[in-house]
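Please walk through the structure below with the text that follows it. The reading starts at one residue and widens from there.

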Amino acid sequence: MASPEAKFAPIGALRGGLVLMVVGALAAWGPVDSLPGWVGMTILLIGALLVAVALGIRTLRA
């Protein structure tokens with residue numbers, strides 16, 4: 001049986017992934033010019049991976 005804190009882990013990963021996707025999109029295409037484009041795309045892809053994992057965990061639990 002999982003702990004009560006583990007119940008909310010997918011929600012934290014989902015929020016973190018969405019934040020990373022927004023930051024990555026702003027870094028890749030937005031007003032941030034000090035970062036190379038590949039850094040923004042990497043942040044965006046890591047955020048998308050976190051969102052996919054969180055949604056997968058929620059799907060398996062249902």
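Ala-27 sits in helix α1. In this predicted model, the residue has a relative accessibility of 6%, so Ala-27 counts as buried, the cut-off for that class being under 20%. Which residues does Ala-27 contact, leaving aside its neighbours within four places in sequence? They are Val-32, Leu-35 and Gly-40.

Is Ala-25 buried or partly exposed? Its relative accessibility is 27%, and therefore Ala-25 counts as partly exposed; that class lies between the 20% limit for buried and the 50% limit for exposed. Not counting residues up to four places away in sequence, Ala-25 touches Gly-30 and Leu-44. From Ala-25 to Thr-42 the sequence separation is 17 residues, while the distance from C-alpha to C-alpha is 9.9 Å.

Now take helix α1 as a whole. The helix has 21 residues, and from its first C-alpha to its last it reaches 30 Å, close to the 30 Å expected at 1.5 Å a residue. Its buried residues are Pro-10, Leu-14, Gly-17, Gly-24 and Ala-27. They are on the same side of α1, because they cover an arc of only 155° around the axis. An α-helix has 3.6 residues a turn, so residues three or four places apart point the same way. The other side of α1 holds the exposed residues Arg-15, Val-19 and Val-22.

The next stop is helix α2, which spans residues 37-61 and includes Leu-49. With a relative accessibility of 56%, Leu-49 counts as exposed, since that class begins over 50%. Leu-49 also forms part of a nonpolar surface patch: together with Val-53 and Ile-57, it makes up about 260 Å².

The last step is the whole chain. How many helices and strands does the chain have? There are two helices and zero strands. The chain has 62 residues, and 18% of them count as buried. Its accessible surface is about 4500 Å², with 76% of this belonging to carbon and sulfur atoms. Among the contacts in the chain with a separation of 6 or more, 63% are between residues 24 or more positions apart.

Technical notes
Residues numbered from 1 in each chain as written. Predicted model: local features only at pLDDT ≥ 70, side-chain atom pairs only at ≥ 80, totals over all residues. Heavy atoms only, no water. Helix = DSSP H or I, 4+ residues; strand = E, 2+ residues; numbered from the N terminus. Buried < 20%, exposed > 50% of the residue type's maximum accessible area, 1.4 Å probe, protein only. Contact = heavy atoms within 4.5 Å. Areas by Shrake-Rupley, 256 points an atom, 1.4 Å probe, with all protein chains shown as cover. Patch = residues over 30% accessible without salt bridge, like charges linked within 9 Å, V, L, I, M, F, W, Y side chains within 5 Å. Salt bridge = Lys/Arg side-chain N within 4 Å of Asp/Glu carboxyl O. Expected span 1.5 Å × (residues − 1). Arc of directions from axis to C-beta.
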